[in-house]
Amino acid sequence: MEEGENEAPAPLPVSSVVERLVALLEEIAAISDYRNSYKKLFFNLSRRIKLLAPMFEELKESKVPIPVSTLVTMEKLNRALDLAKELLLLGSKGSKIFLVLERDQMMERFQDVTSQLEQALDEISLDEIDISDEVKEQVELMHSQFKRAKERIDTIDMELYADLLKVYNMTTDAKVDPVILRRLTEKLQLITIADLKQESVTLHEMVSDGGDPGEVIEKMSMLLKKIKDFVQTHEPELGFLTATNVGNTPVIPDDFRCPISLELMGDPVIVSTGQTYERRCIEKWMEAGHDTCPKTQQKLFSTSLTPNYVLRSLIDQWCETNGMDPPKRPVQTGKPQSVCSAGEHVKVVDLVRKLSSQNLEDQRSAAGELRSLAKRNADNRICIAEAGAISILVSLLSTNDARTQEHAVTALLNLSIYEENKSKIIFSGAVPGIVHVLKKGSMEARENAAATLFSLSVVDRNKVIIGDSGAIPPLVSLLSEGSQRGKKDAATALFNLCIYHGNKGRAVRSGAIQILITLLTDPEGTMMDEALAIMAILSGHPEGKAAITAAEALPVLVKVIKSGSPRNKENAAAVLVHLCNGEQQQQNLTELQEQGMMVPLQEMMESGTDRGKRKAAQLLERMKRFLEQQEAQSQAEAQSRAQMQEMADNLTGTISSALTLTDT
């Protein structure tokens, strides 16, 4: 036997374990567009796993060591997440036909992955790791969801399984009921040429990756051929056939063809990725449950469709040049993009034209009118965005004309109220320009820039974009030096942005804590609510807790708990829970005891908000344990003193006896 053969491998460093889990969670989060037959199951599994990300982000930034037993459990969680990733990749990239036919195997894999994740989470002691209470509650909720999911796994569409199995077991030349084939086409979402090609490629990859090249794959390929033949012969009205030249019919330019139907577009519309499709085709695609761009496979961050008037005009010109009738455009029966009157639409288009002129007066006037129109109603916001105003307004954020800049940023604020416009503003690259206004603009412009960032940050993914753009420091500055309205706008934006853990450290490093304490001690108390809400969020970050402790904020928080509003008491208690945990725990609990906090906290447990009651209970429990430890320590010290006194008395007696004997 070789030396050291029985030795256990050295454990990975803490940072390596956590970083590996963070990277794995990011890989899982990037998987999307799950196959329709298991879409709900895959989506729920992915959604639950993503809830783990904040925990490991906080652990990554924490300086508190993780116990060895917890690291071992995290290795177990890592293995379970690897299995989950493999399953989710299969759900995203695997053969649609194979996934349904292998129903039993798939359900077993779901059960196994769910069980392993639940078991690994059950073994992690959340009290032994340095994470915020909010994250702890989130992980506990997710754990309970896995427990329920372990006991009950949903089944797939039985009709789909039965139809597919029936066709799968037919002979090559057997006739298949068109009704069944239509159902298979729709439920498997094999409705475009691209879908059929992708499924064929996936089946062939199964063979090249070591799969069975024999009867199983052959029968699946034959099944796919039956579906393809049905699509090409029975669904020409949906535009699934490839166009072929007949006689002297001119060749249609590729740019004029819809990437889905490959037919000449009559009503071209632009999706959020910038690609253009025939309206009815892309609407059918999205109605079928797809949330990705068919051509690029990028996620569609918005379902809004913007008419491509330029391309429509070019198609009309091409048809006229080649002696063809332009494509018929269906009458819109659904909700229109906007209900602006023809006169209003013409007015908006004219304002957008003036906005892009080189004349400063025209720009200022147009920006002001668009600002006013966007404030009035949702229809105007839709109409202005459709007319292409957003990108031009963004370009004006860097203008040297203060009034034009104010109009531009405020117009964007008003446009962002309409949910679909948020993604358009983000994709237009507006954030750096808004941050520039926040730093350099007039007070009114800075206030509206802060309000715009708040409006955009309502969408979670935008919190990351805005934080990365350098928005936090100027928001903190506005919180300190702004007007009353400016401080309110800055506070709401900061609170929303700091929900994302990565932005908390940025706020602390920008000096937010000292400014918040200044606002808390302001005699007028006009910003008390906002300041405490932000401090409660920042206290869950290691840097935030350290900064609050260094600023000696505890007496201020104690005062709030004794005399503040129920909501402010709740947030003050949330901060104290964080302060009474970790290195400064003993010092802070001692101070709370000296301040006589037992009674106010007991009152808060009886009459506070639900969250306030929980925080008060946590503080009281920690204070109780602290008092018990103090009492035990006092008893031990008293006992030790008594023993020392007894030893001293005994020693004195011994010495006295020895002296007596000597004298004798």
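**Exercise 1. Which residues is Leu-25 in contact with, leaving aside its neighbours within four places in sequence?**

Solution. The model is a predicted one, in which local features need pLDDT of at least 70 and side-chain atom pairs count only at pLDDT 80 or more, while totals for chains, interfaces and linings use all residues. Residues are numbered from 1 along each chain as its sequence is written, and side-chain values use heavy atoms, with hydrogens and water left out.

Begin by placing the residue: Leu-25 is found in helix 1, residues 14-29, where helices (H or I, at least four residues) and strands (E, at least two) are DSSP runs numbered from the N terminus. Leu-25 has a relative accessible area of 6% and is therefore buried (buried means under 20% relative accessible area, exposed over 50%, partly exposed in between, with a 1.4 Å probe and protein chains only). With contact taken as heavy atoms within 4.5 Å, the partners of Leu-25 are Ile-49, Leu-52, Ala-53, Phe-56 and Leu-81. For Leu-81, which stands 56 residues away along the chain, the C-alpha atom is separated from that of Leu-25 by 8.0 Å.

**Exercise 2. Identify the buried residues of helix 3, and explain why they line one face of the helix.**

Solution. In helix 3, residues 53-61, the buried positions are Met-55, Phe-56, Glu-58 and Leu-59. Viewed down the axis of helix 3, these buried residues fall within an arc of 155 degrees, so they line one face; the arc is that of the directions from the helix axis to the C-beta atoms.

**Exercise 3. Describe how helix 23 packs against helix 24.**

Solution. Two packed helices are described by the angle between their axes and the distance between the axes. The axes of helix 23 (residues 472-481) and helix 24 (residues 484-497) come within 8 Å and cross at roughly 140 degrees, where axes are lines fitted to C-alpha atoms, for helices over the stretch in contact, and angles run from 0 to 180 degrees between N-to-C directions. Next, the residues: Ile-472, Leu-475, Val-476, Leu-478, Leu-479 and Ser-480 of helix 23 meet Gly-486, Lys-487, Ala-490, Ala-491, Ala-493, Leu-494 and Leu-497 of helix 24.

**Exercise 4. Which residues have the most contacts inside the largest nonpolar core?**

Solution. A nonpolar core is a set of buried Ala, Val, Leu, Ile, Met, Phe, Trp, Tyr and Cys residues joined through side-chain atoms within 4.5 Å. The largest such core has 93 residues, and those with the most contacts inside it are Leu-475, Leu-479, Leu-538, Leu-592 and Leu-601. A second, separate core of 43 residues includes Met-74, Met-107, Leu-121 and Ile-124.

**Exercise 5. Is Glu-447 buried or exposed, and is Glu-552 buried or exposed?**

Solution. Glu-447 lies in helix 21 and, at 7% relative accessibility, counts as buried. Leaving out residues up to four places away in sequence, Glu-447 touches Leu-478, Ser-483, Arg-485, Gly-486 and Asp-489. Glu-552, by contrast, counts as exposed at 64% relative accessibility; it is placed in the loop between helix 28 (542-550) and helix 29 (554-563). Although Glu-552 is not a glycine, its phi is positive, about 55 degrees.
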